[in-house]
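This report describes the fold elements and packing of one protein chain. The chain and its coordinates are shown below.

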Amino acid sequence: MPDLAATLQSHFGFSEFRGGQKEVIEALLADRPALAIFPTGGGKSLCYQLPAVLLDGLTLVVSPLIALMKDQVDTLRDRNIAAARLDSTLTAEEAHAIYDQMRRGTLTMLYVAPERLANENFRNRLASTHISLLAIDEAHCISEWGHNFRPDYLKLAKFARDLGITRILALTATATPEVAADIRRNFNIAEADHTQLSFHRPNLQLRVTSCLEADKRRTLLERLRKDPTAPTIIYGTRQETAESLA
């Protein structure tokens with residue numbers, strides 16, 4: 001087993017692991033698939049970024065969030081880690097440059113959206129690339145039990161089997177027991193390699209105000225007027241609701 005603490009310090013500038021990270025990383029380095037359910041800000045990304053710099057081959061990261069891809073790729077490049085993203089914002093020339101890096105084996109990490117794997121040309125390129133690790137962010141999207149089910153995620157397990165990828169990391173901040181079991185089943189993850197952290201956040205308070213539907217907007221405005229300068233986010237279930245409220 002490589003010196004994980006030294007790698008953590010030299011590549012990422014941290015002196016110690018957060019809870020759960022080391023267990024997940026050790027499972028992956030032992031060539032076992034793993035599931036990490038960490039709260040937002042719990043350090044999920046390091047669980048595949050650190051193994052990526054230790055393993056020979058490409059770490060493929062599947063994520064539905066373009067903004068997250070760009071932010072992480074920029075950060076990794078600042079740390080002199082060869083990372084790239086393939087998304088709809090790139091020009092043809094930029095995409096070909098990434099394909100060339102894949103062909104030459106000089107790319108450490110590649111971020112793609114799940115829909116990218118529906119592209120036959122891209123799958124053919126991956127078939128001739130040594131993929132050392134497949135990391136799947138927002139893995140709850142694979143489960144029909146989940147609130148954000150995306151059909152393209154269902155194809156990921158078959159994609160991994162077709163390419164013979166056994167080192168898989170499924171990551172999410174949101175998973176009920178049913179969703180977690182679904183993820184483990186799809187990727188043959190043992191319960192012992194399912195690492196889940198507490199979602200308790202001591203800096204957050206939750207309060208609920210019960211009111212009739214007809215009173216919702218009046219109650220909301222009363223709350224806002226108590227402290228009109230406080231930063232506030234209001235969620236709506238439909239676009240027209242948000243627009244009319246605004």
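This is a predicted model: local features need pLDDT of at least 70, side-chain atom pairs count only at pLDDT 80 or more; totals for chains, interfaces and linings use all residues.

The crossing of H2 past H3 is right-handed. On the H2 side the contact involves Gln-21, Val-24, Ile-25, Leu-28 and Leu-29, and these meet Leu-46, Cys-47, Leu-50, Pro-51 and Leu-54 in H3. Of the residues in this contact, nine are nonpolar, one is polar and none is charged.

The buried residues of H2 are Gln-21, Val-24, Ile-25, Ala-27, Leu-28 and Leu-29. Besides H3, the buried residues of H2 pack against helix H1 (4-12), strand S1 (34-37), S5, strand S6 (168-172) and strand S7 (194-196). After H2 comes Asp-31, which has a positive phi, near 65°.

In H3, seven of the nine residues are buried, so this helix is largely enclosed by the rest of the structure. The buried residues of H3 are Leu-46, Cys-47, Tyr-48, Gln-49, Leu-50, Pro-51 and Ala-52.

The protein has 10 helices and seven strands. Seven strands form an open sheet with parallel pairing, in the order S3-S4-S2-S5-S6-S1-S7. Strand S3 (83-86) and S7 stand at the edges with a single partner strand each, so one side of each has no neighbour in the sheet. On average, and ignoring direction, neighbouring strands of this sheet are turned by 15° against each other.

| Helix | Strands touched | Angle between directions |
|---|---|---|
| H3 | strand S2 (58-62), strand S4 (109-112), S5 and S6 | about 140° with S4 |
| H7 | S2, S5 and S6 | about 160° with S5 |

Strand S1 is covered on both faces: Ala-34 and Ala-36 on one side, and Leu-35 and Ile-37 on the other, are all buried. S1 and S6 run parallel and are joined by four bridges. Within that pairing, Ile-37 has Thr-172 in S6 as its bridge partner. S1 also pairs with S7 in the parallel sense, over three bridges. Here Leu-35 stands opposite His-194 in S7, and the bridge partner of Ala-36 is Thr-195.

## A loop cysteine

Cys-141 lies in the loop between strand S5 (131-136) and helix H7 (151-162). The relative accessible area of Cys-141 is 4%, which means that this residue is buried. Apart from neighbours within four places in sequence, Cys-141 is in contact with Asn-148, Phe-149, Arg-150 and Tyr-153. Arg-79 is 62 residues from Cys-141 along the chain, and the C-alpha atoms of the two are separated by 30 Å.

## The whole chain

The C-alpha trace of the protein spans about 60 × 40 × 35 Å along its principal axes. Of the 246 residues in the protein, 42% are buried. Among contacts between residues at least 6 apart in sequence, 72% join residues at least 24 apart.

Methods
Residues are numbered from 1 along each chain as its sequence is written. Side-chain values use heavy atoms; hydrogens and water are left out. A crossing is left-handed if the near helix is turned anticlockwise from the far one by less than a right angle, and right-handed if clockwise. Helices (H or I, at least four residues) and strands (E, at least two) are DSSP runs, numbered from the N terminus. Contact means heavy atoms within 4.5 Å. Ala, Val, Leu, Ile, Met, Phe, Trp, Tyr, Cys and Pro count as nonpolar, Asp, Glu, Lys and Arg as charged, and the others, Gly among them, as polar. Buried means under 20% relative accessible area, exposed over 50%, partly exposed in between (1.4 Å probe, protein chains only). Two strands pair if DSSP finds at least two bridges between them. Axes are lines fitted to C-alpha atoms, for helices over the stretch in contact, and angles run from 0 to 180 degrees between N-to-C directions.
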